[in-house]
Amino acid sequence: MEKKTALLIDPGHQVSVELSYILQPPRWTVHEATDNAAALKLVQAFRFDFVLTSEMSSGREDVALLREIRRVHSHTRMIILTDDTTPADV
């Protein structure tokens, strides 16, 4: 079984706790970042299969992060959670 790596961006750790039930070892290794800037540093240093943003950041910030991640690792999958989004962000 291939081990996968996930990066969870969650300043309050709420999402991380909930996802720990789904992304369980030994199949997944989960890393955490408190914000998008810290997440980008980790993405530049390591390859992640999956990145999940926090609903605390704006959709616009997360789309900018997605663009940066795609420049470094084009096949990383990302789910953006946000309460603040517009069709223009998509």
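**Figure 1. The exposed face of helix H2 in a predicted model.** On the face of helix H2 turned away from its buried side sit the exposed residues Ala37, Lys41, Gln44 and Ala45. Buried means under 20% relative accessible area, exposed over 50%, and partly exposed in between (1.4 Å probe, protein chains only). Helices (H or I, at least four residues) and strands (E, at least two) are DSSP runs, numbered from the N terminus. This is a predicted model, in which local features need pLDDT of at least 70 and side-chain atom pairs count only at pLDDT 80 or more, while totals for chains, interfaces and linings use all residues. Residues are numbered from 1 along each chain as its sequence is written, and side-chain values use heavy atoms, with hydrogens and water left out.

Figure 2. The buried residues of H2 are Asn36, Ala39 and Val43. Seen down the helix axis, these residues fall within an arc of 55°, so they line one face of H2. The arc is that of the directions from the helix axis to the C-beta atoms. Strand E1, strand E2 (28-33) and helix H3 are what the buried residues of H2 pack against; contact means heavy atoms within 4.5 Å. At the start of the helix, the backbone nitrogen of alanine 37 has a side-chain oxygen of aspartate 35 within 3.2 Å.

**Figure 3. Helix H3 and its two faces.** H3 runs over residues 59-72, has 14 residues and reaches 20 Å from its first C-alpha to its last, close to the 20 Å expected at 1.5 Å a residue. The expected span of a helix is 1.5 Å times one less than its number of residues. Which residues of H3 are buried? They are Gly59, Asp62, Val63, Leu65 and Ile69. These residues cover an arc of only 160° around the axis, which puts them on the same side of H3. Their cover includes strand E1 (4-9), helix H2 (36-45), strand E3 (50-52) and strand E4 (77-79). The face turned away from the buried side carries the exposed residues Arg60, Arg67 and Arg71.

**Figure 4. Arginine 71 on H3.** Arginine 71 is found in helix H3 and counts as exposed at 62% relative accessibility. Its side chain makes a polar contact of 2.5 Å with the side chain of glutamate 68. A polar contact is a pair of N or O atoms within 3.5 Å; within protein, one must be able to donate a hydrogen and the other to accept it, and residues adjacent in sequence count only if both atoms are side-chain atoms. Arginine 71 and glutamine 44 are 27 residues apart in sequence, and their C-alpha atoms are 9.7 Å apart in space.

Figure 5. Is aspartate 49 buried or exposed? At 14% relative accessibility, aspartate 49 counts as buried. A polar contact of 2.8 Å joins the side chains of aspartate 49 and arginine 47. A polar atom of the aspartate 49 side chain also lies 2.8 Å from the backbone nitrogen of threonine 5. Leaving out residues up to four places away in sequence, aspartate 49 touches Lys3, Lys4, Thr5, Thr76 and Arg77. Arginine 47 and threonine 5 are 42 residues apart along the chain, with 7.7 Å between their C-alpha atoms.

**Figure 6. The aromatic pair.** The structure holds one aromatic pair. Tryptophan 28 and phenylalanine 50 form this pair edge-to-face, 6.3 Å centre to centre and with 70° between the planes. Tryptophan 28 lies in strand E2 and phenylalanine 50 in strand E3, so the pair ties together parts that are 22 residues apart in sequence. Rings of Phe, Tyr and Trp (its six-membered ring) pair if their centres lie within 6.5 Å; planes under 30 degrees apart count as stacked, over 60 as edge-to-face and the rest as tilted. Tryptophan 28 is buried, with a relative accessible area of 17%, and phenylalanine 50 is buried as well, at 15%.

Figure 7. Proline 26 is found in the loop between helix H1 (14-19) and E2. The peptide bond from proline 25 to proline 26 is cis, with omega near 5°. Most peptide bonds are trans.
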